[in-house]
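Open the model in your viewer and keep the selection tool at hand. We will go from whole chain to single residue.

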Protein chains: 2
Amino acid sequence: MNGIIEEVEMDQWRRTHFSSEIRSCSENDTVIVMGWVSSIRDHGNLHFIQVKDRIGETQVVAKKGDCPDSVLEQIQSLKEHSSLAVKGRVRLQQKSPTGAEIVPVELKVFSNARNAAPFMLQGKRSSIGLDIRLDLRAVDLRRNILQSIFRIRHTLLSSIREFLAKEGFLEVNTPKMIATATEGGAALFPIFYYDREAFLAQSPQLYKEQLTMSFENVYEIGPIFRAEPSRTNRHLSEAISIDTEMAFADYSDAMQLLERLIFHVLDSIRKNNNDELNSSEIVLPNIKIPLPRYSYDQILESLMESDENVRYGDDISPQALKLIASKLNLNSFYFITDWPASIKPFYVKPNSKFEAKSESFDLMFGPLEISSGSTRINRKLELVERMRKQGLNIQKFDYHLKVFDYGIPPHAGFGVGLERFLMSITGLENIRDASLYPRDIDRLAP
Amino acid sequence: MNGIIEEVEMDQWRRTHFSSEIRSCSENDTVIVMGWVSSIRDHGNLHFIQVKDRIGETQVVAKKGDCPDSVLEQIQSLKEHSSLAVKGRVRLQQKSPTGAEIVPVELKVFSNARNAAPFMLQGKRSSIGLDIRLDLRAVDLRRNILQSIFRIRHTLLSSIREFLAKEGFLEVNTPKMIATATEGGAALFPIFYYDREAFLAQSPQLYKEQLTMSFENVYEIGPIFRAEPSRTNRHLSEAISIDTEMAFADYSDAMQLLERLIFHVLDSIRKNNNDELNSSEIVLPNIKIPLPRYSYDQILESLMESDENVRYGDDISPQALKLIASKLNLNSFYFITDWPASIKPFYVKPNSKFEAKSESFDLMFGPLEISSGSTRINRKLELVERMRKQGLNIQKFDYHLKVFDYGIPPHAGFGVGLERFLMSITGLENIRDASLYPRDIDRLAP
């Protein structure tokens, strides 16, 4: 009320308890909690302050007479979102849902909030436009639903690594600044690399393939960059890709690895994020493995039965995928396998018996592609031939082709789009909410 | 001898055993091993082939009469580095160090080696120039020493994540394509971002600071990009940075976290990479925590005593750091603390009592900087003031400054250069060998 509270340093103060630990204290214990003010209710001489930390919330109750006047004075000027420390005495409260509250003895405000956030913190769906939220993303991320999403994302990442390490995969990092486009020239971000032109990597594809000759099974979780001009709810210009590659394996091995990985991830999230799933009403898909497998031919036939205008050899459009998902009642994970070789990248291995088909798959979630994988070509001449057919400049791939002279093993792998995966299993409507700071054709900040 | 062996598909063959598992088989068990040929000895009618997989090596012994003539014929044309599968019978061998060998029954060569590698696989230090090795990096990575280095690197990464997760840190990923330089304009790679100019992130600094207001403790392990014109053995243009940021903490908390993290990493490598440490004769540093701490002032005094031409307020040159490391016998980890505020980035918090000093530290390994950390400024006005002093365009940081209106907590953190850390503890001479595919001013491929 009386203006701005003096902002002070932490000095020797440190948090003694998280919000969730207060209920385990004894009556009158002195505690220090730290966090930010998620709500204030002012009843004249009685103030209720919710202090939120990364574990949960605790209630601070300041009543005239119960706590120093100086503290009451501070509280009268306190604003939501301010960061602070409260030193106080624990008062056990059987009735309250948290089981205890804190009577403040001393307050340190570290940083006052100057503005009210233009959106509500509790609602699952914000009625406010996405752009307003993204402009103030760090504040937006205090919202309960996003807290849940990014804690689930943490589990997703750690459970993938745990699973792959057990399967003998080595973690690698490959360069993001590259001399030549991996998959032809489309949708690349050019860089000035000292005095030369270079590009941002669209995928670690060729590097991870090379590494199978030295480490057999490798994985990388890192950024990929695609200069797509799309403005859809499922495209990002910068995304995190979960890439695996395994030696002495083909695409059926890769599919089995992928479905087991997804099973493990869902299981880990159920075990580790029960609170987030409940509080944010997120219902994870229940899957059984093996996941359903449909060949490209089966999908095409089904589309043709529905009088869709599709031709053998064409890619399947997003519209057609929607139709298929709804017609075949596919609202969870399934594979589409054995795509035409002509629409797959040069490194994808054609089927040795039916050359027009390739040993490839897409993992779908409903109508959304989550992952793409295949057996890869491991013979130089075959690879050069495919590159020539696709009109690529073979000389530019010399750095890659030459390692094929040293016994590269048969190999297969896949890449999973992390944000699409997270979006699918948590039911997010827009992929931008699966990224902390999304990038797209219109957005380069914050 | 008779030219090239026919290359075939895997078809239904799958590996039944790793090399290390052969010794646990019974005599005459039929096994399939897969890998690449690391050496061949030809004694006329007797051939010894070492087949290497990601676990180890196994010996295949082909003697005329013992195995089909067709297999002997294949073996006569076999080249080192080729990838293959050997189906054979186990022969237990008490005398041999591996305890068993394989008598081949059928051989599938997947991919013939066309060339001999221009370097030896066994030696710890290759006498061949680094550039020749890097040009054929995927083959170079088959060398024992690099196999060890990158398996240790895997443990390093997983043990850091394990440690930080236990400490309540959330894993995050922040954008690598950014609108504004974080630390002023030097050493940036520019990008064409659709129709705009953008840059590659030199560090996740401002993003990780913002995220303390929503998640308190966060970490990111990801690429950073620095267009440094250096040609030293300790600079890369693209490196992996281990970044942490914690709320309600200052630089002394950050130092304690970092030294415990390093202790945990070394401990994990000792536990998980015993074989690699032994076979590659890598001696990890023994450390005790707390690590030694020297203030900038102490270092300066010591340099002045040695008649070094240094001035208070200057950065400490690599030469001076070498002198100090040797003079004070600092050949392992130690901190240099409390640097002059004027030579630290704008977000580093000046000491509240001595404004010319900052709450900052560098973690050193001998003369090499491994990490840099500090308490950060968490008040907008103070931050703007510091930016102004350093001549930064404040408008360009609007996207960052505006979240400081919403109660950002006191926070501190550090970034560790992964390759420098790995190089230091394993005794590598050149940072390029701590990266799978290094990037520098001269190298953009493979």
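**Before you click**

This is a predicted model, in which local features need pLDDT of at least 70, side-chain atom pairs count only at pLDDT 80 or more, and totals for chains, interfaces and linings use all residues. Residues are numbered from 1 along each chain as its sequence is written, while chains are lettered from A and ligands numbered from 1 in the order in which they are written.

**Stop 1: chain A as a whole**

Select chain A. Its C-alpha trace spans about 85 × 55 × 40 Å along the principal axes. Colour by secondary structure to find twelve helices and 16 strands. These are DSSP runs numbered from the N terminus: helices are H or I with at least four residues, strands are E with at least two. Of the 446 residues in chain A, 49% are buried. Buried means that 20 or more other C-beta atoms, placed from the backbone, lie within 10 Å of the residue's own.

Now colour the domains, whose bounds come from an automatic or database domain assignment. Domain 1 of chain A is 19-111, and domain 2 is 135-292 + 330-434. Their centres, taken over C-alpha atoms, are 47 Å apart.

**Stop 2: a helix pair in chain A**

Select residues 144-166 and 251-272 of chain A, which are helices α4 and α6. At what angle do they pack? The angle is about 135 degrees, and the axes are 9 Å apart. Axes are lines fitted to C-alpha atoms over the stretch in contact, and angles run from 0 to 180 degrees between N-to-C directions. α4(A) is therefore oblique to α6(A). Oblique covers whatever is left once angles under 35 degrees count as roughly parallel, over 145 as roughly antiparallel and 65 to 115 as roughly perpendicular.

Show the side chains where they touch. α4(A) contributes residues including Ile152(A), Leu156(A) and Phe163(A), and α6(A) residues including Leu261(A), Val265(A) and Ile269(A). Contact means C-beta atoms, placed from the backbone, within 7 Å. This contact has seven nonpolar, five polar and no charged residues. Ala, Val, Leu, Ile, Met, Phe, Trp, Tyr, Cys and Pro count as nonpolar, Asp, Glu, Lys and Arg as charged, and the others, Gly among them, as polar.

**Stop 3: an enclosed helix**

Select 205-215 of chain A, helix α5. Eleven of its eleven residues are buried, so α5(A) is largely enclosed by the rest of the structure. Its buried residues pack against elements of chain A, including β10 (218-225) and β11 (238-247), and also against α3 (137-140) of chain B. Step just past the helix: Glu216(A) has a positive phi of about 65 degrees.

**Stop 4: where the chains meet**

Show both chains. Here 84 residues of chain B are in contact with 85 residues of chain A. Which helix gives the largest share of chain B's side? Helix α4 (residues 144-166) of chain B does, with seven residues. Chain B's side has 47 nonpolar, 18 polar and 19 charged residues.

**Stop 5: one residue in chain B**

Stay on helix α4 of chain B and pick Ile152(B). Is Ile152(B) buried or exposed? Ile152(B) is buried, with 24 other C-beta atoms within 10 Å. Beyond neighbours within four places in sequence, Ile152(B) is in contact with Ile269(B), Asn273(B), Glu276(B) and Thr426(B). Finish with a distance: the C-alpha atoms of Ile152(B) and Leu266(B) are separated by 9.9 Å, although these residues are 114 apart along the chain.

Definitions and conventions: Buried ≥ 20, exposed ≤ 12 C-beta atoms within 10 Å, placed from the backbone. Contact = placed C-beta atoms within 7 Å.
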